[in-house]
Amino acid sequence: DRLADLLLTQTRHLLAVDRLGVDLWDLTATPQRVFRDARGSHQPLPLVAYEDVLERLRTASAPIVVPRLLDRLQGVDFARPIGSSLFLPLIAHNRPIGTLHVHRDRPTAFTEDDARVLLTLATQAALNIENGHLLDETRTLFQRSLEAFSTALDFKDNDTGGHSQRVSAYAVEIARRMGVGGDDLEVIARGALLHDIGKIAVPDRVLLKPGALSDEEWTIMRKHPETGYSMLKTIRVPEPIAEVVRQHHERYDGRGYPAGRRGREIVLGARIFSVADLYDAMTNDRPYRKALPIDQVLAEIRKVAGSQLDPEVVEAFLGISDPVLSALRAEVQRTLTGRQAA
């Protein structure tokens with residue numbers, strides 16, 4: 001959307017036009033349209049007025065001038081007529097991905113020079129738009145891969161799917177309540193999603209042991225945050241996300257691991273994660289106990305505020321209503337069910 005807007009802005013600078021728009025296809029399941037009017041109106045042109053032009057652009061890939069475009073429509077009332085229109089293909093890697101169209105109210109025809117100037121701009125814009133779309137797809141694939149990996153770990157470690165996704169959703173909601181936004185929300189979401197990735201290096205005899213761990217086994221288990229941090233740095237996951245993974249077992253009072261950080265020495269994402277993780281752990285069945293009643297869960301969270309948990313984060317969490325938390329849980333379950341069905 002930002003690239004399409006930038007294309008329209010640059011077009012206005014290069015050429016005197018009254019209306020202009022961008023139509024994109026073949027990039028997403030639903031074709032996208034962005035329309036602007038130089039005089040402030042945002043009434044888009046009916047697609048039916050130029051569908052045949054778009055089909056010609058798909059094959060001819062050359063600029064097309066159309067006089068009196070709106071004369072093609074019957075019974076459609078526009079405040080101003082269109083005297084002349086110029087349609088240019090957006091071509092990326094020898095493939096048309098859309099069109100840039102500009103319109104003048106007066107019947108002054110667009111010239112070959114007009115077409116040549118805009119075609120240069122349109123070609124560069126098309127490459128940028130397609131690259132932006134490919135980047136979005138890559139990010140989506142990366143996110144799905146992380147989710148699939150964390151789900152596999154959840155089933156291995158907890159006998160329950162969705163733990164990491166639920167904790168991630170709760171953590172993001174807590175962060176929003178604390179005024180966190182933008183890229184910082186993504187850091188918290190992905191850090192929570194990947195928190196236990198280091199457990200892949202923990203032997204099953206330790207990870208899946210039904211009884212209490214020995215001192216030697218606890219030493220092995222406590223290495224997983226640092227292992228996870230090292231793994232993520234190896235594949236160049238951003239440092240803030242990796243730090244959430246490294247610090248997710250630290251405690252507010254300094255009695256956590258691996259480094260015994262305390263208070264605000266612990267990154268905010270890890271402090272938020274700890275609250276979300278404890279809530280999810282107590283509200284789900286475990287092999288050794290059933291899920292606890294919600295009033296008991298909230299009482300326990302209040303009890304450990306200031307020791308295990310950051311009191312400020314706990315306060316933000318307690319401000320989230322049970323229906324909101326239930327809705328987040330249900331949304332995670334719907335997403336997981338949908339992906340399994342697909």
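Helix α10 crosses helix α11 in a right-handed manner in this predicted model. The two helices, residues 268-282 for α10 and residues 294-303 for α11, pack at an angle of about 150°, and their axes lie 10 Å apart. Because angles over 145 degrees count as roughly antiparallel, α10 is roughly antiparallel to α11. On the α10 side, the contact is made by Leu278, Tyr279 and Met282, which meet Ile294, Val297, Glu300 and Ile301 of α11. Sorted by class, this contact has 6 nonpolar residues, no polar ones and 1 charged residue.

Now to another helix pair, α8 with α9. Their axes are 8 Å apart and the packing angle is about 165°, so α8 runs roughly antiparallel to α9. Here, too, the crossing is right-handed. From α8, Pro225, Glu226, Gly228, Tyr229, Leu232 and Lys233 meet Glu239, Ala242, Glu243, Val245 and Arg246 of α9. That contact divides into 5 nonpolar, 1 polar and 5 charged residues.

Here are the two pairs side by side:

| Helix pair | Angle | Axis distance |
|---|---|---|
| α10 (residues 268-282) and α11 (residues 294-303) | about 150° | 10 Å |
| α8 (residues 224-234) and α9 (residues 239-247) | about 165° | 8 Å |

Finally, let us turn to a pair of strands. Strand β3, residues 64-67, has Ile64 and Val66 on its covered face, while Val65 and Pro67 are on the uncovered one. In a regular strand, side chains alternate between the two faces of the sheet. β3 runs antiparallel to strand β4 (residues 84-92), and 4 bridges join them. Within this pairing, Val65 stands opposite Leu86 of β4.

Definitions and conventions: Residues are numbered from 1 along each chain as its sequence is written. This is a predicted model: local features need pLDDT of at least 70, side-chain atom pairs count only at pLDDT 80 or more; totals for chains, interfaces and linings use all residues. Side-chain values use heavy atoms; hydrogens and water are left out. Buried means under 20% relative accessible area, exposed over 50%, partly exposed in between (1.4 Å probe, protein chains only). Two strands pair if DSSP finds at least two bridges between them. Axes are lines fitted to C-alpha atoms, for helices over the stretch in contact, and angles run from 0 to 180 degrees between N-to-C directions. Angles under 35 degrees count as roughly parallel, over 145 as roughly antiparallel, 65 to 115 as roughly perpendicular and the rest as oblique. A crossing is left-handed if the near helix is turned anticlockwise from the far one by less than a right angle, and right-handed if clockwise. Contact means heavy atoms within 4.5 Å. Ala, Val, Leu, Ile, Met, Phe, Trp, Tyr, Cys and Pro count as nonpolar, Asp, Glu, Lys and Arg as charged, and the others, Gly among them, as polar.
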